[in-house]
Every structure is written in C-alpha cells, then in structure tokens.
Amino acid sequence: MLRRSGYTRSMSLLFRDAAGPSLAPGGSVVCVGAFDGVHLGHRALLARVRERALAQDLVPLAISFEPVPREFFARGTPVPRLASAREKIALLGDAGVAKVLSLRFDANLAAMPAETFIEDVLVARADAREIWVGADFRFGHARRGDVALLRECGRRLGYTVEVMPDVALDGVRVSSSAIRTFLGAGDFDAAARLLGRRFAIGGHVVHGAQLGRKLGWPTANIRLGRRTSPVAGIFAVRVHGVQAQPRAGVASLGIRPTIDGGGEPLLEAHLFDFDGDLYGRRIEVEFVQKLRDEAKFDDLDAMVRQIARDAAQARAILGVVAPA
C-alpha cells in the first residue's frame, strides 16, 4: 500500500514537459515505459536502473506517459488501469527513482519521429548515459523506433542501451495485461503474485447522498474520475489509511443500477464495526475477493437484505466476527 508520506514525496519528483533544461546535468540512467501498476517486472527493471545509477554516480530516471499510449489511441473507449497517474508516480518513487518525466501523450507526441524523441527527450532532457528498455520496446511516430534504432543513435550520441529480460512467475510472463486478465476473471491471488501486492484503488473520501447511512450501511465513497477500473462488482476488502491497521469491510464498485439506474462509477466501502468521519481523507481499498456481480433489485428492502448477506460472507472470508 502507498503511504501518504511517500505519496507526497514522489509528487515533488515529477516533471511533465518534454522541452526544458536537463533533468540530470551530470547524466542519468533511464528507463522508459507506461509502467501501469508498477508490477514485479517493472520493479525488477527499476531496481536494475537504480543499481546502475548508484554505481556510476548518475541519476536514476524514469520516463512514462499520461495518458498511457493505449488510452490515447483508444479514442475515448474506456481502458482499464491498474493505477492512477498519481499512484504510478508514487510507486515509481518508492522503487527508488529520483526523477520521473511523465510526458503528456497527445497528438504532438504521437507524431514525434523516433529520432526526435531520442535527441530531444532522451539526450537533451534526460541526459541519458544508459537506457534500459524491454525487448519489445517501440516508440516514436507509427512505432518506428526500436532497440536497434536506439543503439544506432547511441553510438553517435554517447549513450548505451540495455535490454531487460522478461520476468516470469510460475511460467506466466509478468505484464500489466496479464494482471488485468486475472483481475477481470476474479483471480485476485494470481493478480497479486504478479503485481507484488494486492490490487487496490485509492482516493479521497467524498460526500454522497448518504443513502447507505439511512439504510444502516454507511460507506466511504471514492469517485474514480477519468480512471476505468479493471474490476466491478461486490468485494471483501481491507481499507488502509483509516487507522494504523487496515479495517475489514465490504465494498461495491459500479454504477449502482438500483439507485442511479446506471450513473457514474463509484467505489463504496462499508467498514465493519467502525463509526467515524472519513470525509476528505485519502484511503486505499484493497480487494481481497469478489463476492458477486452488481445487480439491480426490485426495491431497497431487497437490496438491503442482499447487502447483509454480502457483509456476512465478507466477514467470513476476512475472519472478522460480528459483534454480539
């Protein structure tokens, strides 16, 4: 889970513009990627970059993109994400990156020739002395840039290129797409093995209609904003950021068809045996197990009865005994 101190610290390491003065006048070791979720494969790469930077007294620097390129090319079609932009930056900082250049992926960047990206971003902005990428790394207009082009330009511009081998667990290549597939199938344990932690969604608790409180099931609500979640439904969860230890609960993530008839996606977490004001606080909801899909009920009484069944099931999964 992200800690608020690390979250705040990582924000101070963030830079957004492709143009500007060198971020590492003494030179850097650079890695480039979307880094959605900052999973175990990403962390292996980041550890290597940090190690190489320390050995050469250079700056460990990550270059990423927001939105991630597949979101830009989806042209408005929702693209599930494992982490928000802010969570990604915080995770990169926690992994030991000193600076993050998070480029705005727009039409201009998509049209930038690969050679221009190398000269203006990797060399002029990042002052790269060593670049680490995956074997299938492609970049630049029409994805014409690859490892071979990086190495060819490196001989002229004074940097070297290293390719990070894939990381696999139990015969499965660690990738963001594999993690999203496991999450979509409800296999949260398999997703956690590749992610290196359990999948969670963080955000600030916002005011809602307080219908849950009126029905006897108060919730801490998080709006997803532009983020699209890879999961939806009803879940057993643990909520971090409320007290020193996580609080067990049951959560709904979806469009609330019984209440709103299909509105804005909302994450609503009910914390077991808790009574307190969480408005404005940043929390993280860790997904432990899916209980069921979202459903539309005939009336509120039917919905409340199902919530009680969901809560009992979540308590059993999480080992939390209901008060007498």
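**Sheet, pocket and backbone features of the predicted model**

Six strands make up an open sheet with antiparallel pairing, in the order β9-β14-β11-β12-β13-β10. Strands (E, at least two residues) and helices (H or I, at least four residues) are DSSP runs, numbered from the N terminus. The structure is a predicted model, in which local features need pLDDT of at least 70 and side-chain atom pairs count only at pLDDT 80 or more, whereas totals for chains, interfaces and linings use all residues. Residues are numbered from 1 along each chain as its sequence is written, and side-chain values use heavy atoms, with hydrogens and water left out.

Within the sheet, β9 and strand β14 (residues 282–292) are joined by five bridges in the antiparallel sense. Glycine 202 stands opposite glutamate 284 in β14. Helix α11 (residues 300–318) lies across β11 (233–240), β12 (247–254) and β14, and runs at about 100° to β14. For such angles, axes are lines fitted to C-alpha atoms, for helices over the stretch in contact, and the values run from 0 to 180 degrees between N-to-C directions. Contact means heavy atoms within 4.5 Å. Strand β12 contains serine 252, which counts as buried at 16% relative accessibility. Buried stands for under 20% relative accessible area, exposed for over 50% and partly exposed for values in between, with a 1.4 Å probe and protein chains only. Apart from neighbours within four places in sequence, serine 252 is in contact with Gly233, Ile234, Leu266, Leu267, Glu268 and Glu294.

Strand β2 (residues 28–32) is largely enclosed by the rest of the structure, because five of its five residues are buried. Both faces are covered, with Ser28, Val30 and Val32 buried on one side and Val29 and Cys31 on the other. β2 pairs in the parallel sense with strand β3 (residues 59–66) over five bridges. Leucine 61 in β3 is the bridge partner of valine 30. A cis peptide bond, with omega about -5°, joins glutamate 66 and proline 67. Proline 67 lies in the loop between β3 and α3.

The largest pocket has a volume of about 1,200 Å³. Of the 41 residues that line this pocket, Val32, Gly33, Ala34, Asp136 and Phe137 are the closest to its centre. Two or more lining residues are given by each of α2 (40–56), α3 (69–73), α5 (107–110), β5 (128–134) and α8 (176–184). The largest share, four residues, comes from α2. A pocket is an open set of points on a 1 Å grid over the protein atoms alone, where a 1.4 Å probe fits and protein lies on both sides within 12 Å along at least five of seven lines; lining residues have an atom within 4 Å of a point. Grid points are joined across faces, edges and corners, and the volume is the space filled by probe spheres set on the points. By class, the lining has 23 nonpolar, 10 polar and eight charged residues. Nonpolar covers Ala, Val, Leu, Ile, Met, Phe, Trp, Tyr, Cys and Pro, charged covers Asp, Glu, Lys and Arg, and polar covers the others, Gly among them.

In α8, the residues Ser176, Ala178, Ile179, Arg180 and Leu183 are buried. The buried residues of this helix pack against α2, α3, β8 (172–173) and α9 (188–195). Glycine 186, which follows α8, has a positive phi near 80°.

Positive phi values also occur in residues other than glycine. Arginine 143 has a phi near 55° and is found in the loop between β5 and α7 (147–157). This arginine 143 is exposed, at a relative accessible area of 51%. Aspartate 170 has a phi of about 50° and is found in the loop between β7 (168–169) and β8. Aspartate 170 is likewise exposed, with a relative accessible area of 72%. Most residues other than glycine have a negative phi, and most peptide bonds are trans.

Glycine 208 is placed in the loop between β9 and α10 (211–214) and counts as partly exposed at 38% relative accessibility. Glycine 208 and alanine 83 are 125 residues apart in sequence, with 23 Å between their C-alpha atoms.

Note on methods:
Two strands pair if DSSP finds at least two bridges between them.
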